[in-house]
Amino acid sequence: MVEALRETVRSARAIVLLSGAGMSAESGVPTFRDALTGLWAQFDPQQLATEAAYRRSPALVWDWYAERREAIARVLPNAGHRAIAAYQQRHPGRLTLITQNVDGLHQRAGSPGVLALHGNIAEDRWLDAPRACCQKEAIEPGRPPRCPVCGNLRRPAVVWFGEMLPQAELVAAQAAAEACDLMLVVGTSGEVYPAAGLAGVARHAGARVVIVNPHETALDDVAHVTWRQTAAQALPALLAEPG
Ligand code: OAD
């Protein structure tokens with residue numbers, strides 16, 4: 001299996017790698033659904049990660065993101081992130097990296113031009129359109145921080161359920177999926193669209209689709225090959241140079 005997959009990688013002209021939360025599991029970042037443990041076990045991610053939830057319970061949702069942000073700041077990219085970045089540096093322009101992850105670990109590993117479809121948890125922005133009084137320098141700290149004049153709240157700069165993805169990134173991701181001849185789908189449950197749909201776009205356009213995931217995914221039927229392996233084990237084996 002590994003040797004055949006390595007050959008597929010070697011002969012590929014244009015590769016797209018689509019990553020999800022499982023990519024960072026071996027760095028110690030709980031996957032999105034696994035993150036709802038302990039105090040958070042009673043919540044459903046689809047209830048917590050929405051604008052309506054934030055407006056209803058801003059302190060609760062802010063605290064959930066703050067906890068994740070702190071956890072992410074303490075971890076490092078793993079061997080999988082590093083193998084991708086090293087491959088991209090050895091073969092400039094051959095591998096387009098699309099991620100659903102908001103943890104910034106691909107960027108910290110040194111991957112150039114990451115298409116981050118769901119934003120970045122390290123950043124925040126205004127919840128409502130900013131008025132003249134909403135100045136970054138004057139943000140009042142709190143849970144969440146707010147504009148001291150009009151009360152506009154800061155919110156995590158991530159894409160919530162029901163929100164549009166950043167258009168430029170999505171268009172670039174779709175174009176890359178259409179143009180690739182190999183798509184590696186790593187560490188995603190494949191349940192959240194439109195990101196999950198990129199595997200079908202690639203397959204439809206004639207690419208070979210390979211899934212790397214220790215468990216079944218909703219995209220297994222779209223793939224030519226499913227490799228039940230973890231990201232940090234599989235990617236160094238797939239992307240390292242021979243010999
Ligand atoms: P999920 O939490 O839905 O799925 C994580 C996937 O990683 C599962 O399929 C696991 O089997 C797999 N996995 C676990 N450990 C792994 C490992 N060591 N190596 C490889 N795979 C492993 O996460 P996503 O598919 O990323 O969106 O979820 C997609 C989106 O749903 C997230 O980006 C988030 C959430 O809603 C937003 O926040 C908008």
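Colleague: How many helices and strands does the protein chain have?

Modeller: The secondary structure comes to nine helices and eight strands. Helices (H or I, at least four residues) and strands (E, at least two) are DSSP runs, numbered from the N terminus. This is a predicted model, where local features need pLDDT of at least 70 and side-chain atom pairs count only at pLDDT 80 or more, while totals for chains, interfaces and linings use all residues. Residues are numbered from 1 along each chain as its sequence is written, and side-chain values use heavy atoms, with hydrogens and water left out.

Colleague: Which domains is the chain divided into?

Modeller: Domain 1 covers 2-28 + 77-118 + 164-238, and domain 2 covers 38-73 + 125-158. Those bounds come from an automatic or database domain assignment. The C-alpha centres of the two domains lie 29 Å apart.

Colleague: What order do the strands take in the open sheet?

Modeller: The six strands go E3-E2-E1-E6-E7-E8, with parallel pairing. Two strands pair if DSSP finds at least two bridges between them. Strand E3 (115-116) and strand E8 (225-227) stand at the edges with a single partner strand each, so one side of each has no neighbour in the sheet.

Colleague: And how many bridges pair E2 with E3?

Modeller: Two, in the parallel sense, with E2 spanning residues 95-99. Thr99 has Ala116 in E3 as its bridge partner.

Colleague: Ok, what does Gln107 touch?

Modeller: Leaving aside residues up to four places away in sequence, Gln107 touches Val114 and Ala116. Contact means heavy atoms within 4.5 Å. Gln107 is found in helix H6 (residues 105-109). Its C-alpha atom is separated by 9.0 Å from that of Pro77, 30 residues apart along the chain.

Colleague: Why does Gln107 count as partly exposed?

Modeller: Because its relative accessibility is 37%. Buried means under 20% relative accessible area, exposed over 50%, and partly exposed in between (1.4 Å probe, protein chains only).

Colleague: Switching to strand E5, why is it largely enclosed by the rest of the structure?

Modeller: Because five of the five residues of E5 (residues 154-158) are buried. Four bridges join E5 to strand E4 (residues 119-126), and the two run antiparallel. Gly119 stands opposite Val158 in E5.

Colleague: What share of the whole chain counts as buried?

Modeller: 47% of the 243 residues. The C-alpha atoms fill a box of roughly 60 × 35 × 30 Å, taken along the principal axes.
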